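Have a look at the model first, then work through the points below.

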There are 2 protein chains.
Amino acid sequence: KRRAKPSVEDLVSQILKGDITALSRAITLVESKNASHVEKANAIIKSCLPNANNSVRIGITGVPGVGKSTFIESFGKYLTAQGKKVAVLAIDPSSSLTKGSILGDKTRMEDLVKDKNAFIRPSPSGDSLGGVARKTRETITLCEAAGFDTIIIETVGVGQSETAVHSMVDFFLLLKLAGAGDELQGIKRGIIEMADAIAINKADGENTKSAKIAKVEFNRALHLYPKKESSWTPKVTLCSALHNEGIDNIWNIIQDYVKITSENNYLQFKRNEQNKFWLIQTIEEQLKSSFFNNAEIKAALEKQLQLIEDNKTTPFAAADYLLGLRS
Amino acid sequence: KRRAKPSVEDLVSQILKGDITALSRAITLVESKNASHVEKANAIIKSCLPNANNSVRIGITGVPGVGKSTFIESFGKYLTAQGKKVAVLAIDPSSSLTKGSILGDKTRMEDLVKDKNAFIRPSPSGDSLGGVARKTRETITLCEAAGFDTIIIETVGVGQSETAVHSMVDFFLLLKLAGAGDELQGIKRGIIEMADAIAINKADGENTKSAKIAKVEFNRALHLYPKKESSWTPKVTLCSALHNEGIDNIWNIIQDYVKITSENNYLQFKRNEQNKFWLIQTIEEQLKSSFFNNAEIKAALEKQLQLIEDNKTTPFAAADYLLGLRS
């Protein structure tokens, strides 16, 4: 069977040498819907696996306006100055519509994008969060094989994308602003619970005082949660990405986390659990979508819903009937 | 094809006359795992459907010790005194182990159990919450066909059973105690958000003052949530089930709710949405369990998990492989 060049072998050997062009090409294959591209991508990933799993994976989230781009630029430059190789990826399920609403505009990270030890890739697009997440998760493997030792995954504070990012990183950083008191409430609590650290950004000038108050409040909020399985106590810290203040402290926190969770084996345990999660999740999504996207089922489902509404069948009898159509 | 007596037709006609023996027999068929019983149960339910859907369905939850049994006894007797016919059902997923840990001991509702206008049925047992919930949901239909106009479904404050009950009732009542300040926090918030009313029980004697304070606190907590789709504002009220105080007020609240949501059509809308939920939920559970309980898949899954752990495959490649085994 003939394949288009460059071959899987060529791309893999170039990726392992840290070649960015080969890495980008492989990611494009991962993101493709073309069946032969997908096959090639899977072969590349498989060959890269023995050289992957050796980075620190950091998830970063925060609502629009919190300064994520500025933070990642500042944080990324700090890391490359320490000799790190930094890949910045993203998960944004809305990017299927907007062709990449976060990280799409690389000018937002002007300096980092020029840094030869940094690699920035916008969110893949996709029809489902599961699909987008899979592509990003596979891209992590490729970046690790290419020698990137620090992977940053950005997401927006919307929908389930935080959960997806949380399920593929070692450390989850939540960016916050001071003075946004109502953010302690409602759905945001779930995100606070996921955080290994909360960094209150824009803690500069007039904001300094309210940022310090917010730090106390967030510390109190974090104490409402049960102790984490990792035995890690989430930290709250202040920073000003714009003025490059507090960035070193965040990296110190992450290093402490990695040290503690490496020593108590939680880091590896968590990665295994995450892999199981993605395995089960992918299977379940596929089972559901292949059932409900079947044309015959779709038509029959509409009829059954009408029968339920007319009190002529029950949801359970309708489910049994629909399942019977497939077996 | 011969059937065991009594026939489906006999049971249905007796149920429609309000015969409790026939109702109990039909529920036993619903709860059976025997295939011919299930078939018979489905036929009975189908025949009962045109006479169902005409009750007020009330879910009641609260942690152990809050006084659920005393409350339901007091509330149930109040309702039968008003001329209502009251069925008390339960969802307790743990009952598969304990053979019915809630409502199993009918002596807890001594007076109500003797009331000819009340019908008390312990939680069905089952291997999964989905299975237990299905049996209870189908029992509602039978009770309605037997003329019960008020259905009370009790559950314990554990796990996902509240969500199951919430998905089959019109009105969800949360029983609370005064002075349990920490109950505003953590996982309980999700349950508070589901509540259409919170009744602070044991608001008598020395507890009266702290119950009044709790009422203010819960009212404040409820205001943190967005307005409900029903346009109903959840109410907080005090009661003492032991002294039969405040019970009439709770029934007034429920009647107000039914009036408002009948007029704005939310009641019927919600029942349709609940039916859709159970339909989709049942199908998804069945798709998953038939996949993951397959012996070949089980064995292959173990192997794939090991390959993932050894960095020899990815969760996604493993999922594709496992899905391929079934198609």
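Keep in mind that this is a predicted model. Let's start with the sheet in chain A: an open sheet of 7 strands, paired in parallel and ordered E3-E2-E4-E1-E5-E6-E7.

**The sheet in chain A**
- The edges belong to strand E3 (118–120) and strand E7 (235–238) of chain A; each has a single partner strand, so one side of each has no neighbour in the sheet.
- From one strand to the next, the twist averages 20°.
- Strands pair through backbone hydrogen bonds, and a pairing can be parallel or antiparallel.
- Strand E5 (residues 171–177) and strand E6 (residues 197–201) of chain A run parallel and are joined by 5 bridges.
- Opposite A:Leu177 you'll find A:Asn201 in E6(A).

**The sheet in chain B**
- Chain B has an open sheet of 7 strands too, with parallel pairing and the order E3-E2-E4-E1-E5-E6-E7.
- Here, 4 bridges link strand E1 (residues 56–61) to strand E5 (residues 171–177) of chain B, and the two run parallel.
- B:Ile60 has B:Leu173 in E5(B) as its bridge partner.
- Helix H4 (residues 68–81) of chain B packs on this sheet, where it touches E1, E2, E3, E4 and E5 of chain B.
- The direction of H4 makes about 180° with that of E4(B).

**How the two chains relate**

Conventions. Residues are numbered from 1 along each chain as its sequence is written. Chains are lettered from A and ligands numbered from 1 in the order in which they are written. This is a predicted model: local features need pLDDT of at least 70, side-chain atom pairs count only at pLDDT 80 or more; totals for chains, interfaces and linings use all residues. Side-chain values use heavy atoms; hydrogens and water are left out. Two strands pair if DSSP finds at least two bridges between them. Axes are lines fitted to C-alpha atoms, for helices over the stretch in contact, and angles run from 0 to 180 degrees between N-to-C directions. Contact means heavy atoms within 4.5 Å.
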